[in-house]
Amino acid sequence: MIQATTLEEIKRLIKCNDLEALDSVLSTTRGITASDLEELIKLSDSKRIQALIRTRHLEIIKKSANEKEMGEEISSGSRDDADPSSALEEVATGESQKDRSIKMFFEAFKTSISDCSNRYAALLAKQITNEIFERNSADIAKLVRSKCLNLKDKNNPVLCRMVYDGEISPSRYVDMTSEEMKSESLRNEEVKMIEVSLYECQIPTQKAETDMFKCNRCGERKCSYRQLQTRSGDEPMTTFVTCECGNKWRFC
């Protein structure tokens with residue numbers, strides 16, 4: 001449990017908006033409970049202060065869990081990682097809809113993160129849930145399902161890892177659009193589809209025949225090509241080439 005003197009010092013720094021000193025104290029303080037965290041966050045309207053408290057607390061819990069897994073000595077102020085049921089009980093709110101949401105996010109992290117800590121995942125799941133409920137969404141259940149599915153997406157494991165590691169805060173994750181949550185590979189695939197669509201919709205008069213290009217399928221130089229500006233104006237145009245044999249390729 002956190003010492004009373006340390007807790008009072010943290011409260012004083014929050015009220016003074018001393019971000020640098022607060023960061024230093026939180027980075028070395030262990031034993032902060034979920035209830036302590038919620039109390040501290042309420043002391044300031046500053047989003048920077050609130051984000052710092054959440055981030056530092058998550059880092060402390062995760063570090064403690066990792067140390068335990070590695071068999072290293074843990075300071076007396078920290079707690080061992082809990083089993084899944086106990087971890088969820090520790091963050092339970094008593095509100096059925098919130099607790100279902102916490103469990104769904106918890107299971108999403110357990111599914112996607114191989115080195116997942118139960119206590120850390122439960123705390124993170126609760127913070128994401130609180131962020132969702134604070135927004136008073138018209139369809140909270142739909143938003144929860146959508147966010148959980150994105151965390152469990154096997155084609156986009158980077159997203160869940162970034163949320164788990166704190167690179168994306170709970171608040172930021174809840175506000176992310178579907179476009180922002182897409183994986184890099186999916187974005188690249190969509191760009192390719194757009195380029196092909198632009199190519200195929202061009203009228204025949206824009207096509208020019210040339211022997212500059214050799215087909216890697218038939219070896220002939222009987223090709224036609226079109227050039228399109230598929231990216232920003234300062235980028236080179238994309239050249240689409242079609243051989244008489246039906247082979248197509250493009251380059252910039």
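Asn247 touches Cys215, Asn216, Arg217, Val241 and Thr242, leaving aside residues up to four places away in sequence. Contact here means heavy atoms within 4.5 Å. The model is predicted: local features need pLDDT of at least 70, side-chain atom pairs count only at pLDDT 80 or more, and totals for chains, interfaces and linings use all residues. Residues are numbered from 1 along each chain as its sequence is written, and side-chain values use heavy atoms, with hydrogens and water left out.

Stay with Asn247 for a moment. Its side chain makes a polar contact with the side chain of Asn216, at 2.9 Å. A polar contact is a pair of N or O atoms within 3.5 Å; within protein, one must be able to donate a hydrogen and the other to accept it, and residues adjacent in sequence count only if both atoms are side-chain atoms. Is Asn247 buried or exposed? Asn247 has a relative accessible area of 10%, so it is buried. Buried means under 20% relative accessible area, exposed means over 50%, and partly exposed lies in between (1.4 Å probe, protein chains only).

Asn247 sits in the loop between strand 3 (238-243) and strand 4 (248-251). Helices (H or I, at least four residues) and strands (E, at least two) are DSSP runs, numbered from the N terminus. Strand 3 and strand 4 form a hairpin with four residues between them. Gly246 lies in the turn, with a positive phi of about 105 degrees. The two strands run antiparallel, joined by four bridges. Two strands pair if DSSP finds at least two bridges between them. Thr242 stands opposite Lys248 in strand 4. Phe240 stands opposite Arg250 in strand 4.

Four strands form an open sheet in the order 1-2-3-4, with antiparallel pairing. Strand 1 and strand 4 are the edge strands, since each pairs on one side only. On average, neighbouring strands are turned by 30 degrees against each other, direction ignored. Axes are lines fitted to C-alpha atoms, for helices over the stretch in contact, and angles run from 0 to 180 degrees between N-to-C directions. Strands of a sheet pair through backbone hydrogen bonds.

Next come the rings. The structure holds four aromatic pairs. Rings of Phe, Tyr and Trp (its six-membered ring) pair if their centres lie within 6.5 Å; planes under 30 degrees apart count as stacked, over 60 as edge-to-face and the rest as tilted. Phe109 and Tyr164 have ring centres 6.1 Å apart and planes at 50 degrees, so this pair is tilted. Phe109 is in helix 6 (residues 96-112) and Tyr164 in helix 9 (residues 157-164), 55 residues apart. Phe109 is buried, at 0% relative accessibility. Tyr164 is buried, at 0% relative accessibility. Ring pairs link Phe109, Tyr120 and Tyr164 into a cluster.

Phe213 and Tyr225 form an edge-to-face pair, 5.7 Å centre to centre, with 75 degrees between the planes. Phe213 is in the loop between strand 1 (208-210) and strand 2 (223-228), while Tyr225 is in strand 2. Phe213 is buried at 13%, whereas Tyr225 is partly exposed at 22%.

One last stop is a loop. Asn17 lies between helix 1 (4-15) and helix 2 (19-28). Asn17 has a positive phi of about 55 degrees although it is not a glycine. Most residues other than glycine have a negative phi.
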